[in-house]
Amino acid sequence: MRVLTGFLLFISLLYSSVLLAADVPEDIHENDFLWLNFHLYHGQDQRGGPFKFNDQYFEIEFGGRSGLFDLYGYVDFKDAFNNSDSDAHDGSNMFADIEPRMSLDYLFDKDLSVGIIKEWYIAMDIYYGDNECAQTCVVDVVDEVPVTTKSSGLKIVWLGIGTDMDLPWLGKTGVNLYARLIRENYGATNEDDWDGYAFHMNWFKQLHHFENSGFLAFQGYFDYEFGSDLDNGNSFEQEYRTDTSVQSYLGLWYHLPSSHFAMGYGLKLYDNMTQWKDGTILGGKEVDTSGAGHYFNLTYSF
């Protein structure tokens, strides 16, 4: 916890510098903005635990910028239609991902850009999941039967350095590097500890504008988690867990002209998703955490 204490002290000192700064530009809020989307998704062959699953879920997505703070986040409500055929039915219902960043350029009232790096941030990513047992909380196998737990949910914080980069073709892209603080992880042995690192990037690229003012966008993200000791835990985790995890969402969305609506398709690629070792046999069933998932969505933008 000394790392967390030191980080919080650092944040406090940076925040104090804002209060003491006398020459923060008066027009700093001219570019402030907020946005909010409602999404209805059908996810086919999703990975989020040891086995792939299908589900329809409702998502509230939001973001914006206000001076010092840059924000992105979403809250998912699984099994949106309370459908007994959904693989998420009667399981964990809610998942949230909140990603606040604090601009170092704003804090120091200086242009810290270097080459393709246009702005620097103190970055945080907060993950929260219900503590009801779903397929993600398998903690052991006894006589070939998976043992599950309801003792904890998911509470993970990533802390690190973020940037906005101007990348060739993609344009403005968020690129962040974090250390992971695992508070709860469905009963895994890496709870209440710093465990591993994460590299994250996200983008929104307008590909083509049509004559009717609608446009096609390429949007998505890439997450690479590495350096974890989870695969060095108990005998169960040594057999079934990994030290890395990869996921990437590659979305092609059509934003309708003069409308609040959009529709999209996303291809999501996984490798050992959530650090479950793909191809192992768990309770007589093959672990499936690598491959492709397909996401279809309708969107309403406020």
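Analyst: A polar contact is a pair of N or O atoms within 3.5 Å; within protein, one of the two must be able to donate a hydrogen and the other to accept it. The model discussed here is predicted.

User: With which side chain does the side chain of Glu225 make a polar contact, and at what distance?

Analyst: Glu225 belongs to strand β11, which covers residues 215-226. Among the residues that Glu225 touches are Trp158, Tyr197, Asp243 and Arg180. A polar contact needs N or O atoms within 3.5 Å. The side chain of Glu225 has such a contact with the side chain of Arg180, at 2.5 Å.

User: Is Glu225 buried or exposed?

Analyst: Buried means a relative accessible area under 20%. The relative accessible area of Glu225 is 15%, so this residue counts as buried.

User: How many helices and strands does the protein chain have?

Analyst: Of the 302 residues in the protein chain, 45% are counted as buried. Among contacts with a separation of 6 or more, 60% are between residues 24 or more positions apart. As for the elements themselves, the chain has 3 helices and 16 strands.

User: Why is strand β8 described as largely enclosed by the rest of the structure?

Analyst: Strand β8 spans residues 154-167. A residue is buried if its relative accessible area is under 20%. Strand β8 is largely enclosed because, of its 14 residues, the number buried is 11.

User: Over how many bridges do β8 and strand β9 pair?

Analyst: On one side, strand β5 (residues 117-129) is joined to β8 by 12 bridges in an antiparallel arrangement, and Glu119 stands opposite Asp164 of β8. Strand β9 (residues 171-185) also runs antiparallel to β8, and Ile156 has Ile182 in β9 as its bridge partner. The number of bridges between β8 and β9 is 14.

User: Which residue takes a positive phi in the hairpin of β8 and β9?

Analyst: The hairpin has 3 residues between its strands. A positive phi near 70° occurs there, and the residue that takes it is Trp169.

User: Where does Tyr186 lie, and what is its phi?

Analyst: Tyr186 lies in the loop between β9 and β10. With a relative accessible area of 11%, Tyr186 is buried. Its phi is positive, although the residue is not a glycine, with a value near 55°.

User: Is Asp79 buried or exposed?

Analyst: Asp79 is located in the loop that connects β3 (69-77) and β4 (94-103). Although Asp79 is not a glycine, its phi is positive, at about 50°. The relative accessibility of Asp79 is 10%, so the residue counts as buried.

User: How far apart in space are Glu211 and Pro257?

Analyst: Glu211 is placed in the loop between β10 (193-209) and β11. Glu211 is exposed, with a relative accessible area of 87%. Glu211 and Pro257 are separated by 46 residues in sequence. From C-alpha to C-alpha, their distance in space is 9.3 Å.

User: What kind of aromatic pair do Phe236 and Tyr240 form?

Analyst: The structure holds 24 aromatic pairs. In the pair of Phe236 and Tyr240, the ring centres are 4.9 Å apart and the planes are at 40°. Planes under 30 degrees apart count as stacked and over 60 as edge-to-face, and this pair is tilted.

User: Where do Phe236 and Tyr240 lie?

Analyst: Both Phe236 and Tyr240 are buried. The two residues are 4 apart, about one turn of the helix, and both are in helix α3 (residues 235-240).

User: Why is the pair of Tyr300 and Phe302 edge-to-face?

Analyst: Tyr300 is partly exposed at a relative accessible area of 29%, and Phe302 is exposed at 56%. Their ring centres are 5.2 Å apart. Edge-to-face pairs have planes over 60 degrees apart. The planes of Tyr300 and Phe302 meet this condition, so the pair is edge-to-face at 85°.

User: Which residue lies over the face of Trp276?

Analyst: A charge sits over a ring only if, among other conditions, NZ of Lys or CZ of Arg is within 6 Å of the ring centre. Lys285 lies over the face of Phe51, at 4.5 Å from the ring centre. For Trp276, the distance from the ring centre is 3.9 Å, and the residue over the face is Arg241.

Key. Residues numbered from 1 in each chain as written. Predicted model: local features only at pLDDT ≥ 70, side-chain atom pairs only at ≥ 80, totals over all residues. Heavy atoms only, no water. Phe/Tyr/Trp six-rings, centres within 6.5 Å; stacked < 30°, edge-to-face > 60°. Buried < 20%, exposed > 50% of the residue type's maximum accessible area, 1.4 Å probe, protein only. Lys NZ or Arg CZ within 6 Å of the ring centre and 35° of its normal. Contact = heavy atoms within 4.5 Å. Pairing = 2+ DSSP bridges. Lists of a residue's contacts leave out its neighbours within four places in sequence.
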